[in-house]
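Morning, everyone. Please have the sequence and the structure open while I talk.

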Amino acid sequence: MLSYALRRVVTAIPTLFVIITIAFFMMRLAPGGPFDSDRALPPEIERNIQAAYDLDKPLVEQYLIYLGRILKGDFGPSLKIRDFSVGELIASGAPASMELGFSAIVLALIIGVSFGTLAALRQNSATDFSVMSVSMIGIAVPNFVMAPLLSLVIGVYLDLLPTSGWGSGELRYKILPVIALALPQIAYVARLTRGSMVEVLHSNFVRTARAKGLRERLVVVRHALKGAIMPVVSYLGPATAAVMTGSVVIETIFGVPGIGTYFVNAALNRDYPLVMGVIIIYAVLIMLLNLLVDLLYAVLDPKVRYS
Amino acid sequence: MLLKTLKHAALGVGLAVAMSGAAQAEKVLRIGNDGEPQSMDPHYISTVQTSRLSDDMIMGLLTYGQNGEPIAGAAESWTISDDGKTYTFKIRDHLWSDGTPVTAEDFVYAWRRILAPETGAEYASLLYIIKGAEEFNTGKADPDALAAEAIDDKTLRVELTAPAPYFLAQLTHQTAFPLPRHVVEKFDRDWTKPENIVVNGPYKLVSWTPKVEATLVKNDKFYDADNVAIDKVIYYSMEDRTAIQKRFRAGEIDVGRDIASEQIDWLRANMADSLRIVPYAGIYYYVFRSDKEPFTDARVRKALSMAINREVIADKVLRTGELPAYSFVPPGTGNYGEPAYADWKGAPYDQVVEEAKALLAEAGYGPDKPLSITLRYNDSENHKRIAVAVQSMWKQLGVNTELFNTDGKIHYADLKQGNFEVARAGWIADYNDAQNYLFLMESKSGPINYSKFNNEKFDGLMAEAEAVADLGQRAKILAEAEEVAMDGQPVAPIYYYVSKQLISPQVVGWVDNAPDRHPTRFLDLKQ
């Protein structure tokens with residue numbers, strides 16, 4: 001398994017290189033630059049600034065300089081929040097983003113698996129239909145609609161929770177963003193769990209377990225769920241990717257001071273080094289987490305072996 | 001219900017205890033700042049949201065007073081030569097926060113740093129009025145060319161290229177701040193980190209979490225520390241206006257630096273004692289590309305400008321107290337008298353529209369040959385609403401207007417490159433002087449003269465004003481220049497800006513003023 005993991009890490013390098021290259025050049029295609037503002041700069045000053053950040057060099061040369069820096073682990077300075085390097089900004093945004101993402105995944109697993117199991121146990125009942133219809137809505141309604149709706153209804157009309165912000169990290173600020181981020185994943189996980197649970201409940205080993213006279217709860221929790229959870233585990237890879245990209249939208253809507261907010265602001269401000277830094281971090285995280293999920297799969301399912 | 005009441009009571013008692021404890025310990029002012037600071041290094045600051053923090057930390061030769069007016073700061077006194085071009089400042093006996101004395105050399109060092117081409121400072125051109133500054137900044141001369149000299153530790157002599165009555169006011173701006181050379185050279189770009197920063201102003205940075213808040217605490221070494229009441233000031237970074245309003249209502253901030261304009265009716269009805277709407281030194285305008293057909297014809301520009309019903313835009317579209325603008329320089333601007341208003345100001349709108357139609361017909365446009373133009377604006381709900389209103393106002397002249405909006409970066413890049421016909425723009429004054437508005441239409445101003453207005457008479461008057469030391473005479477010449485501009489309308493002024501904010505009745509010493517400067521050192525909180 002170790003050699004498999006190593007192989008995966010090695011093959012990730014060219015992928016990362018391609019991502020960096022495409023992102024670097026695509027970003028530069030966007031019109032407007034980091035120093036365009038409501039105050040047009042005198043040409044000499046603009047030249048000074050461009051030179052100070054190497055932006056006056058040919059694009060290919062800038063690209064090579066950037067690659068050289070990245071290899072040394074230096075993401076460069078932010079062009080907009082100048083007192084921080086890109087590394088420092090990502091480090092300062094990471095805790096909020098990670099907390100948000102991790103809570104959303106955990107919430108999605110707990111609620112999704114419970115509801116999915118419930119629906120499967122009461123197959124074709126009212127419970128089943130309502131869980132499935134609600135989850136269909138969860139999947140169909142995009143987060144950029146769901147998040148403002150939650151904020152409006154719960155934050156403004158009912159005035160139960162803050163509409164946005166992160167405060168000093170108090171729980172009440174986190175509830176809405178976590179729910180908004182988790183909803184589509186809850187829905188997916190519930191549907192996946194229900195599907196595989198229904199299948200597993202009809203399999204022979206479950207029938208055997210029941211025939212032995214085991215209590216239903218033990219049958220479900222110890223035997224059926226263990227088999228039914230596998231598709232959910234394999235979905236964890238895409239789920240983390242979805243949570244990370246979804247987090248960009250959710251953080252922006254709720255004003256969470258995380259990496260996603262930086263990403264959006266940096267793109268609007270043409271803060272090139274910060275955009276690149278966040279893209280690289282996202283790419284590396286998604287690749288690593290996918291690998292982790294694949295390895296976890298092997299641990300849980302004895303049938304899967306990597307060599 | 002009983003449980004809820006009990007809970008509320010407990011919470012209330014807890015809060016009261018916590019607050020009384022806090023009040024005894026220290027006075028904390030919490031400001032909802034409508035933007036993320038860019039840097040604590042004065043040389044890399046270009047937004048007002050950032051300068052609010054740097055103004056609290058570093059004091060220039062002059063600094064902002066309680067009314068936003070320039071008062072003596074790091075300079076205790078100064079003399080001006082008869083020709084108005086040489087200033088000699090006596091530096092106040094005061095210390096940097098690490099105990100090192102502030103010297104004249106700290107100013108020379110700072111100015112050489114901001115002007116050094118390799119610093120890449122956006123705002124360096126504000127110091128071009130100092131002799132040798134432009135040459136040094138553009139690489140045509142070495143630093144010694146800069147005519148700012150430390151005669152001794154406490155005497156600074158500065159020579160200007162022209163007698164500029166706004167120079168003293170300009171010294172309050174962060175571009176003219178001193179820097180602690182010993183600290184900047186030691187830590188280089190890390191000198192502004194909370195653990196390294198050294199200041200000569202009333203407050204000092206202790207923490208900064210991007211996108212969340214920056215906290216400043218009182219600097220005990222500040223020369224007037226005895227008269228500073230607030231112990232700590234927290235600037236929350238809040239781009240979202242609705243969030244500012246919510247947190248203000250919840251009592252989580254004492255000052256909200258902007259409001260959610262769409263809720264103005266509710267605010268007027270419910271929070272009148274906190275809402276402050278005050279004229280602000282700035283102008284919102286449309287600019288015509290005056291070197292491009294059909295806007296080369298002043299009649300076309302003027303007709304379009306005349307048809308804009310500014311009263312409707314201010315009173316019906318915006319409704320937040322903005323004043324209709326018929327001049328480019330807002331009334332009340334420093335070193336200036338009454339602005340030169342456009343000649344149709346005060347005439348009934350219907351009549352003005354008829355005149356505009358006639359002007360347009362004279363220029364060759366009418367029902368047979370309708371004028372079709374594109375109006376550009378950057379993304380914002382208000383810019384859009386104004387553009388839509390103007391589109392229908394121009395329709396009366398038979399003009400077909402296509403609206404085109406982009407994000408701010410694209411908008412301003414295109415404005416700079418001249419890729420537009422008519423576009424929305426705005427200007428907030430850097431210092432309180434009419435020249436700081438009118439130079440936007442001078443041909444020598446380069447890309448910031450978006451209109452590419454090139455009028456010999458206007459340029460001549462501006463040059464003449466620059467050379468005159470007498471304030472009254474200068475104001476008269478500047479007004480003549482504005483008259484030329486209002487007649488040619490390379491820009492159509494639409495409204496004078498207002499600042500809109502929420503100030504808690506607990507805050508004492510907040511004086512409304514047009515520069516919108518409110519140094520924390522003059523504020524206090526009621527116990």
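Let me start with a question: which residue stands opposite B:Tyr87 in strand 7 of chain B? It is B:Val158. Keep in mind that this is a predicted model.

Now the strands around that pair. Strand 5 of chain B covers residues 86–91, and strand 7 of chain B covers residues 155–159. They pair in the antiparallel sense, over 5 bridges. Both belong to an open sheet of 4 strands in chain B, and the order is 4-5-7-6. The pairing in this sheet is antiparallel. Which strands are at the edges? Strand 4 (75–80) and strand 6 (148–152) of chain B, each of which pairs on one side only. From one strand to the next, the twist averages 20 degrees.

A helix packs on this sheet. That is helix 3 of chain B, residues 104–115. Helix 3 touches strand 5, strand 6 and strand 7 of chain B. Its direction makes about 160 degrees with that of strand 6.

Step back to the domains of chain B. The assignment gives domain 1 as 28–231 + 504–525, and domain 2 as 281–498. Their centres, taken over C-alpha atoms, are separated by 33 Å. Where the two meet, 13 residues of domain 1 are in contact with 16 residues of domain 2. On the domain 1 side, that divides into 9 nonpolar, 3 polar and 1 charged.

Next, the contact between the chains. Chain B puts in 37 residues and chain A puts in 35. In chain B, helix 7 (241–249), helix 13 (408–417) and strand 16 (422–428) each supply at least two residues. Which of these gives the most? Helix 13 of chain B, with 6 residues. The chain B side as a whole divides into 14 nonpolar, 13 polar and 10 charged.

Last stop, chain A. Look at helix 7 of chain A, residues 171–201, and helix 9 of chain A, residues 216–228. Their axes come within 8 Å and cross at roughly 125 degrees. So helix 7 of chain A is oblique to helix 9 of chain A. The crossing is right-handed. Who makes the contact? From helix 7 of chain A, it is A:Thr193, A:Ser196, A:Met197, A:Val200 and A:Leu201. From helix 9 of chain A, it is A:Ala224, A:Gly227 and A:Ala228. By type, this contact has 5 nonpolar residues, 3 polar and no charged.

That's my tour. Over to you.

Key. Residues are numbered from 1 along each chain as its sequence is written. Chains are lettered from A and ligands numbered from 1 in the order in which they are written. This is a predicted model: local features need pLDDT of at least 70, side-chain atom pairs count only at pLDDT 80 or more; totals for chains, interfaces and linings use all residues. Axes are lines fitted to C-alpha atoms, for helices over the stretch in contact, and angles run from 0 to 180 degrees between N-to-C directions. Angles under 35 degrees count as roughly parallel, over 145 as roughly antiparallel, 65 to 115 as roughly perpendicular and the rest as oblique. A crossing is left-handed if the near helix is turned anticlockwise from the far one by less than a right angle, and right-handed if clockwise. Two residues are in contact if their C-beta atoms, placed from the backbone, lie within 7 Å. Ala, Val, Leu, Ile, Met, Phe, Trp, Tyr, Cys and Pro count as nonpolar, Asp, Glu, Lys and Arg as charged, and the others, Gly among them, as polar. Domain bounds come from an automatic or database domain assignment. Two strands pair if DSSP finds at least two bridges between them.
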